Every structure is written in C-alpha cells, then in structure tokens.
Amino acid sequence: MTLLDIVLFLPLAAFLVILALPGALSRTLALATSTGIFVVSLGLAAQVAGSPGAGALLETNRIWISSPAIRYHVSLDGLGLWLVLLSTILTPLCVLVSWNYITDRVKEYYAFLLLLEFGVIGVFVSMDLFLFYVFWEVTLVPMYFLIGIWGHDRRIYATVKFFLYTMTGSLLMLAAILYLYSKAGTFDYPTILQLLSSGRLELTAAEQLPLFLAFFIAFAIKVPLFPLHTWLPDAHVEAPTAGSVMLASVMLKMGTYGIVRFCLPMFGNAAHQCAPVINILAIIGIVYGALVALVQPNMKKLVAYSSVSHLGFVVLGVFTFTQQGLDGAVYQMLNHGISTGALFILVGFLYERRHSLEIKAFGGVANVAPVFSVVFMITTLASIGLPALNNFVGEYLVLQGAALVNWKYAAFAELGVIFSACYMLWLYQRTFLGEAGEQVRHHIHDLNARELLALAPLVVLMVWMGTGTSLFLKPITAVNARILQQTKQNVEYQVKAPTPPAPSARVEVADAR
Amino acid sequence: MPVNFVPPATGEYIRVLPEIVLTIGGTILMVAEGLAGERHRRGMAPLALVFLLLAMGGAVLAGMNPGPAFTNLLIVDGYATFFRLLVLVVGVLSVLISASYLTRENADSADYYSLILFSLCGQSLLASANELIMVFIGLEISSIATYVLAGFLRKDKRNNEAAIKYFLLGSFATAFLLYGVGWIYGVTGTTNLQEIHRFLSSPESTYSPLMVGACAAMLFVGFAFKISAAPFQAWAPDVYQGAPAPVSAFMSAAPKAAAFAVFLRVYSVAFSGLTESWQPILWASALATMVIGNFAALRQNNIKRMLAYSSVANAGYVLVAVVAHTETGVAAAMFYLAAYALMNLGAFAIVTHYVNKGERYVGIDDMAGFARKQPFAAALFTWFLLSMIGVPLTGGFFGKFYIFKSAIDSNLIWLTVLGLLNSAVAAYYYLRVIVVMYFHEPGEAALETASIPGGIRLALIGSAIGVFILGVFPSAVLEFANRSAMLVR
C-alpha cells in the first residue's frame with residue numbers, strides 16, 4: 001500500500017466515520033479529517049515533485065475483477081499531482097466555508113463533501129479505464145445531493161440538469177471504453193498506450209474519430225465547452241458555496257484533465273483532425289462567456305460565466321499541441337481552481353451577509369469591510385491575469401502556444417482577457433466602491449477569523465504560483481512533453497506504416513473472453 | 001407401462017429436489033390453512049420461509065449432481081442451478097415483504113404462500129426444462145399461480161382487473177407458444193431441444209425454413225409476453241399497478257427471470273443454427289422494449305406503474321445480451337437478471353411499505369419528504385434507484401456494463417450506443433423519485449408512515465448487500481455465470 005492509496009481511501013473512511021457518528025460531531029470531524037488528508041497528501045508532492053522524470057510514481061496495480069480483467073491501477077505523475085493537491089486543500093476550506101451556513105442535515109452534508117473528495121481524487125489517479133469511469137460517475141452522486149438538498153430556489157432543476165448532462169456524455173464514453181476493450185483486450189491504460197505505440201493495436205481513421213468524439217464529448221460537457229455549457233450557470237447559481245467551489249475548482253478540471261490524459265495520447269490523429277473546430281469553439285467560449293458575464297446582474301452567475309471563458313483558454317491551450325500551450329493549459333486548470341474557488345467563497349460570504357446575489361443590492365462594501373475588499377481585490381486581479389499573480393502565467397503560455405499555431409487564435413482569445421478585466425473590475429466597482437447604502441451598512445461586516453482562514457491559503461497560492469512558477473510547472477512540463485510525444489508518435493506511425501496487421505492484440509482479445 | 005420403461009435412478013430424483021420440496025411445502029401450507037385457526041394464520045410466513053430454504057438446499061444438492069433426469073426431460077446444469085437459486089431468493093424476499101402487507105390488509109392467509117411456492121415450482125422447472133412440453137408445463141404452473149396471486153385481494157377492484165387482464169392475455173400468449181411447440185414437433189418429430197438442434201443443423205434433414213421460422217416466431221410470442229418484451233409488453237404496467245405491491249415485486253422478478261432462462265436456452269440450443277434469421281427480430285424487439293419502457297416511464301405518476309415500465313426497459317437490456325448470442329452474452333444476461341431481481345425487490349419492498357393501508361399512496365409525489373421521516377429506508381431506496389440508473393459500484397451498473405460489453409464483442413455497436421443513451425433517459429425518472437424523497441417537504445404520506453416492519457427491513461438489507469456485492473465484488477457470481485453459460489449448447 002503506497003501513500004497514494006492512503007490519500008485516496010482516507011476520504012472514504014472519513015465519509016463512513018461521519019455517517020456512523022452523531023451529527024453534532026460531523027463538522028469538527030470533517031474539518032479534522034480533511035485537514036489531516038491534506039497534510040498527508042503533501043507527502044505526495046514531496047515524492048512526485050522531487051523525482052526527475054515524467055514517470056508515474058506510487059503505483060499500485062492489483063487485480064480487482066478477474067474477468068473481464070479490471071484492475072485497481074492507480075499512480076501519480078506531474079499531471080495528476082497538483083490536481084489531487086487542489087482537491088485535498090479545497091475540501092477543508094469548503095468545510096470552513098460551510099461552518100455556520102449549513103444548519104440543516106449537517107451530517108449528510110459533510111459526509112457527501114468527503115465522498116466527493118474520494119471521487120475526484122480517484123479520477124485523477126486512475127490508470128485503468130474502467131476504474132476511471134467508476135470514479136467519474138461516483139463524483140456525480142454527492143454533487144447531485146449537495147446541490148439538490150442545500151442549494152437555492154431552483155436547485156432541483158439545476159441538479160437534475162447537471163446529472164443528466166454529465167451522465168449522457170459519460171455513457172458515450174462508456175461505449176467507447178467497451179469498444180477499446182474489445183480491440184485491446186484490456187482496460188489498463190498504460191498497456192493500451194503501449195499497444196498503440198508498438199503498433200500492435202491499430203485504430204483506423206474510421207474508428208479513431210468516433211472514439212475520440214465519444215471521449216471528448218463526455219469531457220467537453222464537464223469542462224464545459226461552448227455550446228455544451230448551459231448546465232453550468234444553473235448548477236453554480238443554485239449550489240451552496242462549497243458545492244460551487246468544488247464544482248468549479250475541481251470537477252470542471254476532470255474534463256480538461258481527461259482530454260489531456262486520454263484523448264490526446266490515444267487518439268492523436270483524430271485530435272489533430274478536430275483541433276481547428278475545437279479551437280474555434282474554445283475561442284467562441286472565451287469571448288461568449290466573457291460577454292455574457294459582462295451583463296449578468298447576479299454575481300454568482302457572473303463568476304460562473306467567467307468560468308466558461310477561462311476554461312475556453314484551457315481547451316485552446318491543449319489543442320495547440322505545443323509545449324507552451326499544453327503547459328499553460330494545465331497550469332491554468334490549477335489557477336482557475338484557486339482564483340475562481342476564492343471568488344465563489346467570497347461571493348458566498350457576501351450572500352451569507354446580505355442574503356442576495358444581485359449586484360445592485362450592494363455598493364460601498366469597502367467602506368464597511370476593508371479586509372474583505374482587499375482580499376476580493378487581490379482575487380479579482382488574479383482572475384484577470386495581472387502579472388505576478390497566478391493566472392497571468394497560464395494565460396500567457398496559452399496565448400503564446402496559440403500564437404505559434406495561428407496568430408488569429410491568439411488575437412481573438414486575447415479579447416477574452418480584456419473583457420475579463422472589464423467584467424471583474426466593473427463588478428468590483430459596483431459592489432465595493434461608492435457610497436454604502438443603509439442595507440449594506442446594516443448587514444455587511446468584515447471577514448472574521450474563520451473566513452480569513454478559509455481564504456488565506458488561496459491568496460498565498462495566488463501569489464506563490466504567480467512568482468514561483470518553476471516549482472509548480474516543472475513536473476507538469478515533463479509529463480506534457482511525454483504526452484506531446486505520444487500524440488506525434490501516433491501521427492507519424494499512421495503516415496509511415498499504413499496497415500500492418502495486429503495479430504497479438506487479437507490473440508489477447510480471445511484470451512480475455 | 002411401456003416395455004422400454006426404465007425406472008428413474010435415485011440421482012434423478014435428487015435433480016428435482018427443489019420442485020419436490022416446493023410441491024410438498026405448497027400442499028402442506030394449503031392444508032394448514034384449513035386446519036389452523038384464524039389466529040395462527042399469521043405464523044405461515046416463517047413456515048413458507050423454511051420450505052424455501054429447504055428448496056434452496058435442494059437446489060444446491062441437485063446442482064452438485066448435474067445431469068439429465070427422467071429420460072432427458074429435464075437437465076440440471078450450472079445454468080439451471082443458477083436460475084433455480086435466483087427464483088428461490090426472489091421467493092424468500094417476496095415472502096419477507098408480504099407478511100406485514102397481508103396483515104395490514106387483513107388478508108393473512110396460508111394460501112398466499114402456497115401459491116408463491118407453486119409458482120416458484122413452475123419457475124424452477126422452467127430453469128431446468130430440456131424439452132418443449134416441459135417448458136409449457138413449467139410456464140403454466142408458474143403462470144396460473146401468478147394469475148391468482150395478482151388478484152389475491154379479491155375485494156379490491158384493481159386486483160380483479162389485474163388478474164383478469166393477466167389471465168386473458170397470458171393464456172392467449174401461452175396458446176401461441178403451445179401452437180409453436182406443436183408445429184416444431186410436426187417439422188422435426190421431436191420436442192427435445194438438443195434433438196431439434198441436431199435435426200435443424202443436419203444436412204440430411206429436409207424441412208421448410210419458412211415453417212421453422214414460423215415456429216420460432218410463435219415461441220417468441222409466448223416468451224416475449226412473459227418477459228414483457230415489445231411489442232407484447234402492454235399488459236405489464238396495468239397488471240403491476242393493479243396487483244398487490246408484494247405480488248408485483250414477485251412478478252417482476254421471478255417469472256421474468258425463469259422465462260428468460262428458458263428463452264435463452266431454447267434460442268441458444270434448439271435454434272442456435274438459425275441465428276441469422278431471428279437475430280434481426282430480437283434486435284428490433286430489444287431496442288423497442290428499451291425505448292418504450294424508458295419513455296413511457298418518464299410520464300408516469302404512479303410509482304408502481306413507473307417501476308413496471310422500468311421493468312419493461314430492463315427486459316430490453318437483457319434482450320440486448322440475448323441478441324449478442326455468445327457465451328458472454330448468456331453470462332451477462334444471467335448476471336443482470338440477478339442484479340435486477342435484487343434491486344427491483346428492494347425498491348418494491350419500500351413501495352410495499354410506503355403505500356400504506358389499501359395502497360393509498362401510490363403517487364410518486366406521495367414520496368415527498370420520505371428521507372426526513374425515514375432516513376435509513378430512503379438511503380436504501382436511493383441505493384436501489386442508483387443501481388437501476390447504473391451508477392458504478394452497484395450491481396445494476398456492473399450488469400449493464402457486462403451486457404453492453406457482450407454486445408460490443410458481438411459488434412452490435414449501434415444497439416450498444418442506443419441502449420446506453422436509453423439508460424440516460426432512464427436516469428431522469430429514477431432521479432425524480434430521489435428528488436421527491438430528499439428535496440421536498442414531508443407530505444401526508446410521509447407523516448403517516450410507520451416504522452418499517454422487521455420482515456421488510458430484513459429484505460431491504462439483504463438486497464442492498466446483494467446489490468453492493470454484485471457491484472463491487474462481482475467476480476464470484478460472474479465466474480459462476482460464465483462457467484454455466486458455456487454448458488448451454
């Protein structure tokens with residue numbers, strides 16, 4: 001049993017413990033366990049970031065179900081590492097954020113939060129396609145309840161929409177996974193990659209495109225890529241603060257992670273083939289998300305649409321197939337997780353005070369809550385990509401990668417950056433500046449110690465990731481280089497050797513039956 | 001007595017041990033009904049359980065002595081044992097959930113349990129039938145007892161409607177089956193499944209393919225009715241809705257599993273040579289069953305009716321495995337039927353309790369706020385519903401996964417994609433129940449609901465554990481299914 005197994009299963013254990021013990025303890029228990037999990041997970045960083053190559057570490061590879069051969073295969077590399085850490089750090093913060101806000105069915109709430117943590121960590125470490133699918137679907141259930149029980153007025157509509165959108169996409173992915181199994185005779189992802197690169201498993205163009213699309217659509221719904229994004233604003237607006245944070249910061253990353261981890265290495269040709277269309281959709285998403293954010297009267301919806309825009313950058317970066325673009329994309333996943341997470345927390349705090357998310361219900365908050373407005377300002381600046389803060393690095397790399405491929409991509413995507421400054425600063429101006437109305441004066445008070453504690457780690461990370469980039473970027477770069485290599489290999493292989501037979505793969509299929 | 005009569009060996013009696021136990025048990029219960037006073041009628045459920053457990057023991061014993069019995073009329077193999085045990089488990093769960101229901105409706109009676117035992121006897125026979133006349137007999141024993149069960153509360157109008165509908169349509173379908181059997185005998189001169197296969201695949205025999213096709217089609221009508229496959233599914237919602245809730249639970253699992261057992265056996269043994277001609281028909285039927293079941297379930301407000309349509313849709317998934325026509329397909333169908341039986345029984349167990357006296361609260365909206373009043377039961381119900389949706393780590397997911405895997409292996413890509421999309425549609429109506437239970441404030445029904453009686457509680461926990469094991473550690477059952485599927489040839 002490696003440290004990774006422990007980090008993966010601790011949240012499940014915590015989930016069971018919280019369910020078993022009385023509700024009065026749940027809150028404390030959730031905070032203690034999730035903080036503990038975070039501390040343990042730091043050990044992962046020490047191991048993975050310390051290792052030089054792009055190889056997968058902390059591997060456990062055991063048989064789970066013998067026939068069909070399904071393996072419990074988990075490992076961690078530079079791509080998964082930071083996403084796992086992002087999940088483990090956000091969970092205790094989510095507990096802190098919900099501390100006083102959740103008063104109803106407390107036990108179930110914190111139990112679901114930890115079950116969600118279990119699911120998302122599982123997604124980022126699974127190296128078996130079946131196992132990946134299992135975790136992918138498992139995350140749906142706790143989020144469904146988090147939105148459905150503790151959400152706002154239209155929560156039922158939002159949560160059912162969220163569930164059905166994701167489910168539909170992932171069922172297509174399941175069909176693709178099954179098809180791959182019938183071709184390769186295994187669900188084990190590294191083995192499939194090996195079969196592909198050695199030419200023992202060959203996917204014809206007619207197979208690759210539908211398979212790629214099946215995977216990609218499942219991921220694109222989650223990202224969400226324009227025009228599949230419509231579930232997102234609903235889910236975000238209706239979710240409780242912690243739900244929004246986990247959704248935006250971690251669950252959306254499952255989609256982009258999936259694209260980088262699975263779509264590119266396995267279906268390099270199809271990915272290249274579809275890249276122009278996907279890039280255009282990503283750019284439409286960037287500009288459209290920003291423009292819609294600009295006119296939102298509801299601040300949570302504004303942040304939600306800004307997510308659509310930010311994640312457009314990630315997708316654009318991935319489909320440039322350049323080292324810079326891919327690095328930027330992965331970095332941007334983390335950045336978005338931190339700054340948007342912080343924004344949702346801040347908006348949540350405003351809601352707890354004023355019981356409204358309408359921007360026009362605020363104004364002059366800075367007068368009554370100076371610390372609050374400083375933290376909000378830093379987060380705003382991080383979100384719009386001010387140099388020396390985290391988003392700048394990611395966006396810059398993505399734009400550089402895009403410019404290497406086609407300057408028009410970069411030019412249009414740049415619009416998104418400009419618009420993001422507009423909507424965020426305008427939001428800031430309308431909410432925090434000006435004269436404080438009576439309602440604001442009456443309801444709004446400054447951050448207390450608990451709230452500050454929930455935000456401080458994120459603010460530190462914004463600065464740290466903006467200045468100490470190389471520490472974070474190094475493991476990512478190594479993995480991305482390998483993924484790019486695999487993508488190209490696939491292409492070259494297709495061009496040079498058109499139809500070599502794949503006898504060995506077929507034998508394995510027969511064996512597996 | 002014919003000259004060539006050979007008295008059956010002892011081993012052959014062991015192979016029909018479950019049927020013997022069930023017949024004796026059913027008869028004893030029926031007699032006990034008359035002998036016992038009014039007060040003792042309640043004590044009949046434990047007695048029925050004892051017989052069921054004995055029958056299970058018998059099935060295991062029979063399974064350890066595999067082979068044909070009674071001049072090849074029956075065959076006991078792993079496949080038969082699997083289905084015998086499956087229907088007996090369904091029987092146990094049904095008895096567990098029935099006891100408190102009957103007491104609530106003032107209908108305590110030993111007849112009820114003896115009918116269940118007789119019905120199971122027919123199904124157990126079906127699982128091991130190796131010959132078409134036995135198929136017919138098994139089907140009739142099973143069906144007639146079930147017709148009576150469907151109308152068990154005879155003062156209830158809905159019960160009467162269900163029973164008469166089920167009886168008329170069921171008899172009509174069985175007539176088709178019998179007619180098909182007759183034709184088959186006319187063409188091939190035998191009713192034994194292996195013999196039919198031998199005749200049809202032998203190059204020397206001459207027969208009209210059209211005739212054989214017609215026979216296969218008529219048998220299909222009979223079976224499709226029993227498994228509620230399109231286009232013969234129309235009875236299912238009406239009957240499930242009208243019948244007493246625990247009977248609906250029983251009907252949607254046991255007779256269906258047994259009918260699938262024999263359906264699979266007939267088509268993969270007797271007609272395995274004609275795959276190409278019946279496969280397209282089953283393909284269309286499987287798709288239609290899934291689509292009709294799922295889309296009709298979307299519009300239901302009665303929870304029993306919704307579960308009925310869901311059971312139609314589930315039959316469609318199993319049909320996909322039949323269309324695959326491989327050993328993996330047969331194993332997948334077996335696995336799925338087991339998972340389906342458990343999750344469906346679990347769901348119906350909750351419904352049985354929740355509808356309250358006189359089945360007053362059958363609307364989905366009546367479930368409002370159930371989770372507040374009974375968090376544990378609601379959590380288990382959610383678990384069963386998630387299994388029906390096909391969320392991983394549940395038996396329902398793994399069953400569905402295995403079915404569609406077998407379909408992909410047989411290159412049925414379109415059927416797989418359409419089937420999977422269907423299950424996304426299904427997610428909507430199952431989620432609706434969870435929404436009502438968890439996200440709405442308690443209504444009248446939730447406030448009136450009493451704590452869950454012991455029998456139902458036991459059935460719930462048992463099936464929940466079963467669904468969990470099938471979802472997380474499916475290897476044992478899967479291997480057994482795979483091994484037995486290989487023998488069905």
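A residue is buried if 20 or more other C-beta atoms lie within 10 Å of its own, exposed if 12 or fewer, and partly exposed in between, with C-beta atoms placed from the backbone. This is a predicted model, in which local features need pLDDT of at least 70 and side-chain atom pairs pLDDT 80 or more, while totals for chains, interfaces and linings use all residues. Residues are numbered from 1 along each chain as its sequence is written, and chains are lettered from A and ligands numbered from 1 in the order in which they are written.

**Exercise 1.** Decide whether S228(B) is buried or exposed.

*Solution.* Start with its place: S228(B) sits in the loop between α9 and α10 of chain B (helices are DSSP runs of H or I with at least four residues, strands runs of E with at least two, numbered from the N terminus). Next, look at the backbone: S228(B) is not a glycine, yet its phi is positive, about 55 degrees. Finally, count: S228(B) is buried because it has 30 C-beta neighbours inside 10 Å.

**Exercise 2.** Find the cis peptide bond that ends at P231(B).

*Solution.* Go to the loop between α9 (209-226) and α10 (235-242) of chain B, where P231(B) lies. The bond joins A230(B) to P231(B), with omega about 0 degrees.

**Exercise 3.** Describe the side of chain A that touches chain B.

*Solution.* First, chain A brings 26 residues to the contact and chain B brings 26 residues (two residues are in contact if their C-beta atoms, placed from the backbone, lie within 7 Å). Then α7(A) gives the most to chain A's side, 13 residues.

Note on methods:
Nonpolar A, V, L, I, M, F, W, Y, C, P; charged D, E, K, R; others polar.
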